[in-house]
Amino acid sequence: MPRADHLRVVSASPWPEADDFCDRARRHALFAAGEPIVVARAPGRFDVLGGIADYSGALVLELPIASAALVAAQVTSDRRVIAVSGGRRITVTSTDLLTAPLDDLARRFTGRDAWGAYVLGPIALLVRQQRLALTGLRLLVSSSVPEGKGLGSSSAVEIAVLQAVAGVFDRAVEPRRLALLAQRAEQLVAGAPCGPMDQMTAACGEAGKLLLLLCRPAEVLGLLALPSPLAIWAIDSGARHAVRGAPYRRVRCASFMGKALLDCRADYLASLHVSDVAAERLPEWMTGAEFLRVHEGVEDSFSVVEPDVAYPVRAATLHPIEEQLRVEMFAELLRLPVTSQRACLLGELMYASHASYSHCGLGTPETDALVDAVR
């Protein structure tokens with residue numbers, strides 16, 4: 001006998017693993033029998049071009065992948081919010097999610113419970129923004145998106161959680177708003193200074209199409225089908241990727257240092273054209289102490305200039321400006337009939353993007369070896 005007889009699926013398209021997950025949710029001891037359960041699915045993503053330039057307001061091209069996160073949610077009345085994922089379980093009170101300072105929640109979700117920041121952090125922001133009467137909640141989480149591989153695993157979970165919780169409270173929240181809520185939760189509760197592209201792709205992407213996204217802050221400009229005979233392959237390098245890591249934070253901070261050194265008054269660095277930038281004003285490397293002698297800090301609230309750290313200012317500043325141009329050219333080529341020459345140009349743009357990314361200090365020997373082998 002199923003433990004839950006009423007189950008509603010919030011999902012863009014049917015997938016076999018979603019059907020299996022629904023069967024598991026129906027029978028899971030976490031849920032009360034006879035009470036509605038809402039299931040949502042959100043995909044991971046492959047960054048085709050644009051990458052770390054999202055926080056500088058660049059244009060990016062993202063492709064949703066088949067691997068996805070699935071979340072089942074059910075409302076309860078016991079004032080407890082319980083999330084279960086595999087062998088992991090975390091419990092908080094509904095009052096904490098409704099009223100506790102986000103800094104306190106961030107400290108709560110550390111160590112073994114760090115995964116809770118990506119599940120319960122978004123809920124905390126959603127229930128406050130939507131003024132939901134949170135009396136209790138049960139959440140079952142499952143994901144096939146590999147963690148630490150740069151495929152948007154955390155964003156897939158965040159968006160699936162928000163979709164499921166909004167659904168179980170019968171609230172229609174537009175995908176863009178959910179994506180920005182998820183991004184904010186990852187920044188404030190998980191402590192990851194991410195841009196919007198991962199969450200926007202999980203919320204707004206369509207299977208088999210490239211999402212053309214302008215990150216100012218998050219505007220969908222279109223969906224591009226990959227013309228035949230082109231195909232996209234992702235190869236696992238074995239290297240770990242983390243937005244919370246020191247290299248990513250250093251490059252992000254360096255780009256805002258460069259923006260200050262250029263006296264750029266534009267809201268977004270990527271809105272500048274390469275011809276407008278006096279690259280000679282940008283040092284290759286600059287310590288935080290040297291920068292702080294001429295500027296009080298940077299405008300980015302998620303970056304702290306550390307005096308003893310050396311920053312790759314020129315590379316980190318030029319990357320989003322040049323990446324904007326590369327993505328514009330790439331998107332334009334995709335709109336034209338495929339020829340051998342145009343296909344080679346697409347490849348050259350991807351090679352140039354990889355070289356620029358590596359020059360910022362974010363490359364790895366493993367990915368360099370793969371790119372060399374493919375080339």
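Okay, let's start with a term: a residue is called buried when its relative accessible area is under 20%, exposed when that area is over 50%, and partly exposed in between, using a 1.4 Å probe and protein chains only. What you're looking at is a predicted model, where local features need pLDDT of at least 70 and side-chain atom pairs count only at pLDDT 80 or more, while totals for chains, interfaces and linings use all residues. Residues are numbered from 1 along each chain as its sequence is written, and side-chain values use heavy atoms, with hydrogens and water left out.

Side chains of opposite charge can pair when their charged atoms come close. The cut-off here is a side-chain nitrogen of Lys or Arg within 4 Å of a carboxyl oxygen of Asp or Glu. How many salt bridges does a search of the whole structure find? The search turns up 18.

Let me walk you through a few. Take Arg 26, which pairs with Asp 23, with 3.0 Å between the closest N and O atoms. Both sit in helix α1, residues 16–27, and because they are 3 residues apart there, about one helical turn separates them. By the way, helices are DSSP runs of H or I with at least four residues, strands are runs of E with at least two, and the numbering goes from the N terminus. As for accessibility, Arg 26 is partly exposed at 27%, and Asp 23 is partly exposed too, at 35%.

Next up, Arg 265 and Asp 263: their closest N and O atoms are 3.0 Å apart. Is Arg 265 buried or exposed? It's exposed, at 69% relative accessibility, whereas Asp 263 is partly exposed at 45%.

Then there's Arg 375 with Glu 348, again a salt bridge with 3.0 Å between the closest N and O atoms. Arg 375 lies in the segment after α12 (365–374) and Glu 348 in helix α11 (residues 340–359), so this pair ties together parts that are 27 residues apart in sequence. Arg 375 is exposed at 58%, and Glu 348 is partly exposed at 43%.

And some salt bridges join up: Arg 45, Glu 62 and Asp 198 are linked in a network.

Last stop, helix α4, residues 116–130. Its 15 residues reach 21 Å from first C-alpha to last, close to the expected 21 Å; that expected span is 1.5 Å times one less than the number of residues. Of those 15 residues, 13 are buried, so α4 is largely enclosed by the rest of the structure.
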